[in-house]
Amino acid sequence: MNKRDFLNELKKNLKYMSDEEKEDILQDYSLHYAEGASDQKSEDTISRKLGDPKEIAKELNAENAIQKVEEQKNIKSISNAVLSIMGLGVMNFMLVIASLFFILIFSPVILLFVVGVPIMLVSPVILVVMGFVNGFHTLGWPEVYEVIRLLAIGSVLAVVGYYIARAFMKLFIHLLKWNIAMVKGRGLM
């Protein structure tokens with residue numbers, strides 16, 4: 001495979017990154033050919049030494065996706081990272097499917113938390129609205145105590161949920177990095 005074919009194949013398989021990022025990668029790999037040419041190596045020899053451009057692109061896609069997850073923790077970057085990791089191989093695909101199945105099992109609890117905690121936090125507003133709608137004479141101390149209790153529980157759950165979500169995100173990123181390291185044969189990070 002000559003330099004042009006190698007770089008075209010590499011560029012074709014680079015995903016989830018900007019054109020500028022792709023150009024930086026292609027320039028890095030062009031340098032390998034320039035250094036090899038100065039050592040009197042053929043383009044075919046250099047290409048074989050570099051490896052399969054499709055596999056290189058998969059690893060670069062996964063590394064880039066994980067870097068974006070660390071920078072921006074949103075659904076798009078997480079889904080791109082998951083898809084990139086799944087593309088590294090069958091074993092990675094199975095690990096990601098198992099992880100998604102685990103999340104699916106806990107989805108009712110997660111959904112209950114996502115819906116319930118905000119309702120607890122806005123319970124004072126709900127009480128005031130009920131006062132305007134039904135009249136404040138219908139509200140008593142039991143309703144006020146209940147709102148204070150819900151607000152306190154909701155506040156605690158919100159803080160605990162934030163730290164749990166943050167820990168899961170760190171664990172998720174670490175798992176993705178470990179996965180890439182295993183694919184590269186470096187072992188645990």
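Colleague: At what angle do the axes of helix H7 and helix H8 cross?

Modeller: Two packed helices are described by the angle between their axes and the distance between the axes. Here, in a predicted model, the axes of H7 (residues 107-121) and H8 (residues 123-134) cross at roughly 60° and come within 4 Å. H7 is therefore oblique to H8. Angles under 35 degrees count as roughly parallel, over 145 as roughly antiparallel, 65 to 115 as roughly perpendicular and the rest as oblique.

Colleague: Which residues make the contact?

Modeller: Contact means heavy atoms within 4.5 Å. H7 brings Ile119, Met120 and Leu121, and H8 brings Ser123, Pro124 and Ile126. Five of these contact residues are nonpolar, one is polar and none is charged.

Colleague: How many helices and strands are there in the chain?

Modeller: Helices are DSSP runs of H or I of at least four residues, and strands are runs of E of at least two. The chain has nine helices and zero strands.

Colleague: What is the radius of gyration of the chain?

Modeller: The radius is taken over C-alpha atoms, and the globule rule is 2.2 Å times the number of residues to the power 0.38. A compact globule of 189 residues would be near 16 Å, but this chain has 26 Å. Its C-alpha atoms fill a box of roughly 90 × 30 × 20 Å along the principal axes.

Colleague: How should I read the numbering and the limits?

Modeller: Residues are numbered from 1 along each chain as its sequence is written. Local features need pLDDT of at least 70, side-chain atom pairs count only at pLDDT 80 or more, totals for chains, interfaces and linings use all residues, and side-chain values use heavy atoms, without hydrogens and water.

Note on methods. Axes are lines fitted to C-alpha atoms, for helices over the stretch in contact, and angles run from 0 to 180 degrees between N-to-C directions. Ala, Val, Leu, Ile, Met, Phe, Trp, Tyr, Cys and Pro count as nonpolar, Asp, Glu, Lys and Arg as charged, and the others, Gly among them, as polar.
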